[in-house]
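This report describes a single protein chain, one part at a time. Keep the sequence and the model in view while reading.

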Amino acid sequence: MPLPVPFTFSQASLQDHQDCPRRFQLRYIERLSYPAIESEPTLENERHQQEGETFHRLIQQYLLGIPAEKVSKLANSTNLERWWMNFLASFNFDRQTDLLYPEMTLSAPLAGSRLMAKYDLVTGSPENGFTIYDWKTYRKRPRNEFLVTRLQTRVYRALLARAGAHLNSGQPITPERIEMIYWFADFPNEPARFRYDPSQDKRDWDSLEKTAKEITAQASFPPTDETRQCAYCTYRSYCDRGIRAGGGDTIESELTLDITLEQVPEIEL
Ligand code: SF4
């Protein structure tokens, strides 16, 4: 089955392709829903995912101007209450100097296709530069070396440089005026900050264009040789890669699980 044209790539679909071309095919070309659980214990992970989505909505409402006291009433579980208190203690955005753009979507042409991303928050001004924030509810704090290689880090900064001119008095935002911050709700004092520069930007965009071209020309999408990926993949019984879901009993597997779960809402892009 060919790739639908024009195809809209996202960081999640590109990451899926990097992790397993077969998963990319099943999820974004064949759009196959497969009802396998991604990990054990199921209920706990489902709850964690729902709380993560609710947490993002709380922040969005607050950033859109709803008073913190009102939003606080919606933080109605132990996790949500803790994350929300951590957020309020960590951020005090100065709305006088910097504009806030919560839940902003940007897109740009990419080698005959499109690239789209939805940002938790972009804040800044032409005078002060721009910061991308991404809220994470991971149970473990990932290493910066891991995060910097993720497609999300590369896509979000490169796309803001190409599609953010309307935030910057009509001029493209130069890479050195972009920073990305992952803020971890359970590790509020350990954010991961990634500045940007023109050489990183060129490397990222060249690589994204090359990947998009390769995927659109690709005739087959083989399964990954790295079978570790399959333990947390919803398609594992479809691919005959086992029927039992992976557990979250090591740091690495918990992180894999968190990342797998957080990509689900982006599938609709
Ligand atoms: S089960 Fe494994 S081979 Fe199949 S799509 Fe998932 S990661 Fe790829």
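## Ala111 and its surroundings

Ala111 counts as partly exposed because it has 17 C-beta neighbours inside 10 Å. The model is a predicted one.

Ala111 sits in the loop between strand E3 (99-110) and E4. Leaving out residues up to four places away in sequence, Ala111 touches Glu209, Ala212 and Lys213. Glu214 is 103 residues from Ala111 along the chain, yet the C-alpha atoms of these two residues are separated by 10.0 Å.

## The chain as a whole

The chain has 269 residues, and 34% of them are buried. Its secondary structure consists of nine helices and eight strands. Among contacts with a separation of 6 or more, 69% are between residues 24 or more positions apart.

## The start of the chain

Pro2 belongs to the segment before strand E1 (8-9). It counts as exposed, because 9 C-beta neighbours lie inside 10 Å. Pro2 and Glu30 are 28 residues apart in sequence, and the distance from C-alpha to C-alpha is 9.3 Å.

## Helix H2

Helix H2 covers residues 21-29, and seven of these nine residues are buried, so the helix is largely enclosed by the rest of the structure. The buried residues are Arg22, Arg23, Phe24, Gln25, Leu26, Arg27 and Tyr28. They pack against helix H1 (11-19).

After H2 comes Arg31, which has a positive phi near 50°.

## The largest nonpolar core

Which residues have the most contacts inside the largest nonpolar core? They are Val155, Tyr156 and Leu160, in a core of 45 residues. Several helices and strands each supply at least two residues of this core: helices H3 (42-63), H5 (78-90), H7 (151-163) and H8 (198-217), together with strands E4 (113-125), E5 (129-136) and E6 (178-184). H7 gives the most, with seven residues.

Not counting residues up to four places away in sequence, Tyr156 touches Gln11, Ala117, Tyr119, Ile132 and Met180.

## Strand E6 and its partners

Five of the seven residues of E6 are buried, so this strand is mostly covered. E6 pairs with E5 in the parallel sense, over seven bridges. One of the bridge partners in E6 is Glu179, which is paired with Thr131.

E6 also pairs with strand E7 (residues 187-195). These two strands run antiparallel and are joined by five bridges. E6 and E7 form a hairpin, with two residues between them. Within this pair, Ile181 stands opposite Arg193 in E7. In a regular strand, side chains alternate between the two faces of the sheet.

## Around the ligand

How many residues are around the ligand, and which come nearest? There are 13 residues around the ligand, and those that come nearest are Cys20, Pro223, Cys230, Cys233 and Cys239. By type, the residues of this shell divide into seven nonpolar, two polar and four charged.

How values were computed
Residues numbered from 1 in each chain as written. Predicted model: local features only at pLDDT ≥ 70, side-chain atom pairs only at ≥ 80, totals over all residues. Buried ≥ 20, exposed ≤ 12 C-beta atoms within 10 Å, placed from the backbone. Helix = DSSP H or I, 4+ residues; strand = E, 2+ residues; numbered from the N terminus. Contact = placed C-beta atoms within 7 Å. Core = buried A, V, L, I, M, F, W, Y, C linked by C-beta atoms within 7 Å. Pairing = 2+ DSSP bridges. Near = placed C-beta within 6 Å. Nonpolar A, V, L, I, M, F, W, Y, C, P; charged D, E, K, R; others polar.
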